[in-house]
Amino acid sequence: MAGIHHVTAIAGQATRNYEFYTRTLGLRFVKKTVNFDDPGTYHFYYGDETGHPGTILTFFPWEHAAPGRGGVGQTQQTAFRVPASSLGYWTHRFVEKSVAHQPPEKRFGEWLLSFTDPDGISLALVGVAGAEQEKAWSTGEVPAEHAIRGFQGVTLLIEDAGRTGAILSDVLGFERIGQEGSIIRFRAPETGEGAVVDIYEAKGFLPGRLGRGSVHHIAFRAADDAEQAEMVRKLTQNHAMRPTEQKDRNYFRSVYFREPGGILFEIATDIPGFAVDEPVATLGQALKLPDFLEPQRKAIEGVLPSLERVA
Ligand code: ZN
């Protein structure tokens, strides 16, 4: 099963991030945990009911992060799928909620509505024919018929598409399916969530700078450890990449490498998933910590900001 597993971005204020993604966009808050490498800060996961791979957008909310700058070597946009007939609903919603957005445009035959989150992350909704048949999660804020159905995909801004494209095709299970202007489209064979990677080939643009409002990394799917190990072998032998050793992220196991275009890629296993440490019915309600951080729970809870709504 190829495709995007999750996308991780840098946010500013935690409460604002939580409100925007759960209320304005209607995603499910599937996990409240901390950054395992920096446990004094949160790591938030949003997705569908169970946080299925291909639906998961995650954030490091860093209250004092300096703003990032878009540019070459960065993820330019992250797009979600909605039913084609729901774009009108969403346009109204964005006007009503004062969400900055652009007029709809057509890309590869589908309508796309670009917008930005409160930290300036570039997002889009893509109207997908038939998506209304797919299972939807509703928080009550956004009716199920219009709800987001996971990712459409990401657009990467890269100087030269060649070597990145080769890794997408040879290692990560995507196929090059077409080009429109400067955008080269890669697609995973199974259509559905997280199946699209667009490379926007931008020669001579300024490099981006990571910060608040930037995507930190893109994670791709591996079914299990064996498939991940095979991908690592190909990266090393065929593409001169040097992925990290495997890291246990509790909900998946990951390796990381910086692809030739400069973007941090991760390969994450589909297993074990978000129900490993709490029931699906109550995902996201309690602060979950990996075993090695449990002894520090009191101290960690003491420094994390509260998500209680300020009236
Ligand atoms: Zn990740």
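The largest cavity of this predicted model is lined by 13 residues, among which Leu112, Val126, Gln152, Arg185 and Asp198 lie nearest its centre. A cavity is here a set of points, on a 1 Å grid over the protein atoms alone, where a 1.4 Å probe fits but cannot get out, and lining residues have an atom within 4 Å of a point. Two or more lining residues are given by each of β5 (74-83), β7 (110-116), β9 (151-158) and β12 (196-201), with β9 supplying the largest share, four residues. Strands are DSSP runs of E of at least two residues, and helices are runs of H or I of at least four, numbered from the N terminus. By class, the lining comprises five nonpolar, four polar and four charged residues; Ala, Val, Leu, Ile, Met, Phe, Trp, Tyr, Cys and Pro count as nonpolar, Asp, Glu, Lys and Arg as charged, and the others, Gly among them, as polar.

Residues are numbered from 1 along each chain as its sequence is written. Local features need pLDDT of at least 70 and side-chain atom pairs count only at pLDDT 80 or more, while totals for chains, interfaces and linings use all residues, and side-chain values use heavy atoms, with hydrogens and water left out.

The zinc ion is coordinated by His6 (NE2), His217 (NE2) and Glu266 (OE) at 2.0 to 2.1 Å. Donors are N, O and S atoms within 2.8 Å of the metal (3.2 Å for Na, K and Ca); water is not among the atoms, so sites may look incomplete. His6 in strand β1 (residues 4-11) and His217 in strand β13 (residues 215-222) are 211 residues apart. His6 is buried at 2% relative accessible area, as is His217 at 5% (buried, under 20%; exposed, over 50%; partly exposed, in between; 1.4 Å probe, protein chains only).

The whole structure holds 18 salt bridges, each a side-chain nitrogen of Lys or Arg within 4 Å of a carboxyl oxygen of Asp or Glu. Arg212 and Asp119 form one of them at 3.9 Å, N to O, linking the loop between β12 and β13 with the loop between β7 and β8 (122-128). Asp119 is buried (8%), whereas Arg212 is partly exposed (25%). Arg297 pairs with Glu294 at 2.9 Å and with Glu301 at 3.0 Å. Because Arg297 and Glu301 are four residues apart in helix α5 (residues 297-303), about one helical turn separates them. A network of salt bridges links Glu19, Arg23, Arg93 and Glu141.

Technical notes:
1 Å grid on protein atoms, 1.4 Å probe; cavity = no way out; pocket = protein on both sides within 12 Å on 5 of 7 lines; lining within 4 Å.
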